Amino acid sequence: MAATLGPRGLTRRWLAALRSLGPCLAAMSADAHLLTAEERSQAILDLKAAGWSKLQERDAIYKEFSFKNFNQAFGFMSRVALQAEKMNHHPEWFNAYNKVQITLTSHDCGQLTKRDVKLAKFIEKAATSV
C-alpha cells in the first residue's frame, strides 16, 4: 500500500509520525532539548549545590529566595519575568512579602530540560545582584 501512496501520502505519514512524538518535540527551541542522562546528573548536582531541590512528586526543581524587603523581592521577580519572557519559558512562583518560591519544569515536555537549567542559572545571578 505504501508504494501506491505516492510522495504526498508518504509525506503525510511522515508528518503524522513526527506529530505523534508529542508536543515536546514540536515546541522545543534550539536550547530546549532534553537533557542527556549525564547532563541531567551534572545539572542537578550543580543546582543542588546552589540550593535548589529536586521535587519528588514530579520532574521539577524548586528554590525559595529571601530578600531584605518586598521591593527587593519584586525587583528580582521583574528581572526574572523579563528573562522568562525572552526565553518563552515561564516559572511557577509564589511571592509573600520578601520571599519568592520558584518551581521550574518544562510543561510542554513534562520534565526538566536545558531551558530550566538555563533559567535557573539566570535566576541565581539575578538573586545575587539584588
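A: Strands S1 and S2 (residues 61-66) run antiparallel and are joined by two bridges. Strands here are DSSP E runs of at least two residues, helices are H or I runs of at least four, and both are numbered from the N terminus. Ser 53 stands opposite Tyr 62 in S2.

This is a predicted model, where local features need pLDDT of at least 70, side-chain atom pairs count only at pLDDT 80 or more, and totals for chains, interfaces and linings use all residues. Residues are numbered from 1 along each chain as its sequence is written, and side-chain values use heavy atoms, without hydrogens and water.

Now the whole sheet. Four strands form an open sheet in the order S1-S2-S4-S3, with antiparallel pairing. Two strands pair if DSSP finds at least two bridges between them. S1 (53-54) and S3 (92-96) stand at the edges with a single partner strand each, so one side of each has no neighbour in the sheet.

Next, the helix. H4 lies across S2, S3 and S4 (99-104), at about 165° to S3. Angles run from 0 to 180 degrees between N-to-C directions, and axes are lines fitted to C-alpha atoms, for helices over the stretch in contact.

H4 (residues 70-87) also meets H5 (residues 114-128): their axes come within 10 Å and cross at roughly 155°. The two helices are therefore roughly antiparallel, a term for angles over 145 degrees. Contact means heavy atoms within 4.5 Å. Among the contact residues are Phe 76 and Val 80 of H4, and Leu 119 and Phe 122 of H5.

Key:
Parallel < 35°, antiparallel > 145°, perpendicular 65-115°, else oblique.
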